[in-house]
Amino acid sequence: MSVMDSAGLRGRLNTLAHQAQRHISGWQRARDLRRGVRRAFVWAPVGPALAGGYQLVRVLGGGGGVSWAWWVWALLLVAGPVVALALWLVRAARQRSLTRRQCLGAFDLQLGTHDRLVTADEFLAAADHSTSAFHLAAIEDAASHIDAAEQMTLAARALPAWSLSRRAGLALVAALVLLLANLWVATRLAPTDATATLADAALSQSAASPVSLLQQWLGRAPAAPRPQRPPSTMPEAASATDTQPDSTPRTNQTAQDAEGGSQSGGQSRSRSTSQAMSSAGSPSNQQNPSQPLEDDPPQDQQAPSKTPPKPPDNRKGEPQSSSATSGQGQSRSSSVDRSAIPAVDQPDRAGANKDDGKDEEGEEDEVEEEKTSGAERPSLRRNKPPVDRNLSPRPAGDEPNPNANGRSGPGGRKKTRGVPAMILGVPTPDRIQGMTHPGRSKVTQENATPREEPQAAVNAEARPPRQSPVGHIEHPRLLPWMQSLVEKYFTREKPPTAAGSGGRE
Amino acid sequence: MSTSATDAREAAARFCRVYADIKSRVHQMMVGQDEIIDGAMTALLAGGHVLLEGVPGLGKTMLVRCLSQAIDASFSRIQFTPDMMPADIQGTWVLMENERGGHELRFQEGPLVANLVLADEINRATPKTQSALLEAMQEKQVTVGRRTLKLPEPFCVLATQNPVEQEGTYPLPEAQLDRFLFKLVVGYPKEEDYAAILDRTIGDTDVVITPVIHAADIVALRHTVRAVPVPDHARQYAIRLVMATQPGSAYAPPRINEYVALGSSPRGAQSLLLAAKVRALIEGRYAVSVDDVRRVALPVLRHRVLINFHGQSDRITDADIVDAALAAVRAPLEVAS
């Protein structure tokens with residue numbers, strides 16, 4: 001291959017590379033745009049959220065809602081995605097890189113030439129340094145494929161579809177919701193209407209908080225503060241309120257309860273504190289408002305003085321005739337009331353009220369009442385709540401444990417302690433079938449320096465016949481009597497035998 | 001310059017011709033198994049060794065025997081057993097009587113000293129005997145006592161092992177496995193191949209394979225393979241592919257980080273490019289391409305990755321790991337989509 005041919009081939013490859021670069025760059029820009037759009041809508045709620053925050057600050061500051069044109073809201077909706085898309089495109093453009101090898105590789109991939117163009121381009125660039133027969137053969141081999149590449153155009157590569165990711169879709173929905181909420185608030189709190197509303201509100205309730213003002217504007221009545229009662233007494237209190245003979249409006253009654261001036265509320269609190277020792281944790285002691293008695297110790301000085309004592313009502317006001325009072329042993333409680341008393345309190349109560357004639361009268365009244373009603377009531381004693389055995393920590397104060405159902409013993413948390421909690425309840429199957437784990441083997445290595453033990457060289461030599469006993473034979477030392485015994489044995493005279501011979505010498 | 005290019009083209013054409021001749025000779029006896037035959041011949045021409053793995057009866061030993069018959073070279077077969085010692089395959093010094101009636105120590109060469117060595121059921125030998133192959137496979141020499149014996153060129157070990165009968169076997173250590181260029185997994189033949197297999201094996205006619213090439217020609221072909229240049233992008237791709245099998249590397253995908261305990265060594269990259277050079281010549285090209293590296297990646301890398309306990313319990317195979325590496329590494333020519 002001549003130098004002219006090499007230069008010609010390089011020029012043709014340059015042309016191909018530029019052509020491919022334009023093609024791929026355009027494709028990359030389109031791809032980045034679609035990817036950016038797919039991800040940019042994640043930032044759609046930013047604009048409406050900022051507007052909402054601004055509007056909230058204005059409302060809390062007494063300025064009223066914003067009154068922007070529709071295009072401002074639309075601009076807010078697209079502001080986040082547009083900014084995010086711009087940043088994404090800038091970042092993608094910085095990270096985008098396209099090498100000459102990739103440009104020529106596009107032709108190789110499309111033609112299926114197994115990198116011949118890229119290889120030839122590389123070998124041509126290094127032709128001055130190292131050239132072998134195979135280098136030249138590879139370059140010449142690529143020449144025909146360069147012709148084919150020049151006559152073709154790169155096929156358009158597939159672009160990602162215009163689509164929104166799941167997150168972007170959710171974000172877009174959230175942005176629309178925020179935008180609609182902002183618009184709604186803005187229409188409700190237009191500055192002209194807000195001025196009159198503000199004046200009325202200032203007249204009616206000078207010390208109202210901005211939150212209550214906002215609620216008034218939104219058309220909601222301010223919620224009365226909740227009476228400080230245990231949660232379990234709420235249904236009974238509501239029913240008691242419903243069964244009041246007077247037709248007092250409910251809001252007033254609620255307000256009365258809220259002020260804490262009602263006799264029942266005050267009594268209930270005072271009783272619960274006084275009975276903490278005898279009936280701890282009995283919710284029924286506190287759930288019924290009690291009626292004050294003459295001999296009740298004045299525990300709450302203000303509450304009974306503010307409200308007049310209510311006439312006793314045995315028909316429907318039975319729950320109100322207090323069990324709290326009966327806890328003092330002086331009540332006129334009926335059997336219904338006693339049924340609400342915990343069992344642990346009843347022996348004491350029975351003992352304390354043994355001589356009380358009022359209780360007997362109450363029972364007689366109840367029997368008469370049952371007769372007049374014409375129907376026999378079921379014994380409500382059976383429905384009394386069982387003893388609270390919940391061992392879980394109680395909430396602070398006198399309030400009963402709202403989670404205490406009185407059933408069974410320790411709850412689930414308690415049961416998770418102790419030895420059963422340490423037992424692995426879920427069996428883990430052996431996933432490798434047929435192979436038992438051999439267990440861990442511990443290898444202990446000790447470094448020991450080998451010691452040199454010098455040994456004299458043994459020269460082989462001819463062995464002479466043995467002349468003496470081999471080695472030293474140690475004779476055992478005999479005791480004197482043993483020596484004399486041996487001496488006698490060998491020195492005794494032989495007894496004469498008939499044969500004249502034999503015997504040991 | 002043009003003359004040089006012509007020489008290269010002629011050398012490549014001769015390579016392709018010889019390759020096709022050997023393959024046709026082997027196909028006189030072997031039916032199907034094209035990938036296995038290509039792999040064995042690629043390893044032979046690239047100067048590597050082959051580990052054939054498959055259940056009994058698939059023709060592993062026959063393939064090696066046919067290959068040795070197609071090449072006019074010395075061939076020896078070693079049936080590995082647990083009681084085989086290194087001296088049994090390398091050779092040993094024996095006391096022999098000379099012409100003058102005296103005695104002298106002579107080196108008796110073992111069966112390892114041959115051009116083609118069939119190491120049948122190599123995993124039945126003890127690690128001591130298996131390690132005797134290390135020097136022979138890598139350095140192409142055998143050292144016994146104070147004597148080092150150069151093995152004849154070409155030297156190629158074609159070992160077989162059975163993956164199912166693992167009782168009483170000694171799995172090859174990593175150092176031994178790394179010395180094999182290819183690990184070829186021999187599968188069952190196709191349905192259409194069964195008839196031809198039965199006709200050729202149970203008939204009364206013996207198939208005689210005549211050699212088409214001498215051992216010295218194999219050495220020349222190996223030089224031709226070595227002369228094939230590797231462009232930068234193909235070399236870069238091979239390096240990244242090998243690094244992708246190494247857990248914790250920059251190119252390793254999460255699957256490899258999770259399941260691989262040990263990745264391929266640089267010897268894997270050498271093997272990749274050597275085998276890719278043969279593939280390029282076979283396909284009539286004069287330089288290695290990325291596709292060549294991709295095609296030889298599985299047999300080259302599958303035995304060089306060590307799957308950890310999690311991978312074994314999740315039934316991850318070495319082929320899965322190599323596939324994961326191939327999917328993770330993008331060719332330098334490709335534009336990210």
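How are α11(B) and α12(B) oriented relative to each other: parallel, perpendicular or oblique?

Analyst: Keep in mind that this is a predicted model. Helix α11 of chain B covers residues 266–282, and helix α12 of chain B covers residues 290–301. Their axes come within 8 Å and cross at roughly 130°. Angles over 145 degrees would count as roughly antiparallel and 65 to 115 as roughly perpendicular, so α11(B) and α12(B) are oblique to each other. As for the hand, the crossing of α11(B) and α12(B) is right-handed.

Who does the touching? On the α11(B) side the contact is made by Gly268(B), Ser271(B), Leu272(B), Leu273(B), Ala275(B), Ala276(B), Arg279(B) and Ala280(B). Facing them from α12(B) are Asp292(B), Val293(B), Arg295(B), Val296(B), Ala297(B), Val300(B) and Leu301(B). Sorted by class, that contact of α11(B) with α12(B) has 10 nonpolar, two polar and three charged residues.

Staying in chain B, a couple of loops have backbone details to look at. Most residues other than glycine have a negative phi, and most peptide bonds are trans. Glu153(B) and Pro154(B), though, are joined by a cis peptide bond, with omega about -5°. Pro154(B) sits in the loop between β8 (147–150) and β9 (156–161) of chain B. Then there's Glu121(B), not a glycine, with a positive phi near 50°; you'll find Glu121(B) in the loop between β6 (116–120) and α5 (127–139) of chain B.

Now for the partner chain. Chain B and chain A bury about 2700 Å² between them, 61% of it on carbon and sulfur atoms. The contact takes 36 residues from chain B and 29 residues from chain A. Between chain B and chain A the count is one salt bridge: the side chains of Arg9(B) and Glu140(A) meet at 2.7 Å, N to O.

Over all chains, the count comes to 21 salt bridges. One of them, within chain A, pairs Arg116(A) with Asp141(A), the closest N and O atoms being 2.5 Å apart. Arg116(A) lies in helix α5 (residues 116–125) of chain A and Asp141(A) in helix α6 (residues 133–150) of chain A, so this pair ties together parts that are 25 residues apart in sequence.

How values were computed. Residues are numbered from 1 along each chain as its sequence is written. Chains are lettered from A and ligands numbered from 1 in the order in which they are written. This is a predicted model: local features need pLDDT of at least 70, side-chain atom pairs count only at pLDDT 80 or more; totals for chains, interfaces and linings use all residues. Side-chain values use heavy atoms; hydrogens and water are left out. Axes are lines fitted to C-alpha atoms, for helices over the stretch in contact, and angles run from 0 to 180 degrees between N-to-C directions. Helices (H or I, at least four residues) and strands (E, at least two) are DSSP runs, numbered from the N terminus. Angles under 35 degrees count as roughly parallel, over 145 as roughly antiparallel, 65 to 115 as roughly perpendicular and the rest as oblique. A crossing is left-handed if the near helix is turned anticlockwise from the far one by less than a right angle, and right-handed if clockwise. Contact means heavy atoms within 4.5 Å. Ala, Val, Leu, Ile, Met, Phe, Trp, Tyr, Cys and Pro count as nonpolar, Asp, Glu, Lys and Arg as charged, and the others, Gly among them, as polar. Buried area is the accessible area (1.4 Å probe) that two parts lose on being put together, summed over both. A salt bridge is a side-chain nitrogen of Lys or Arg within 4 Å of a carboxyl oxygen of Asp or Glu.
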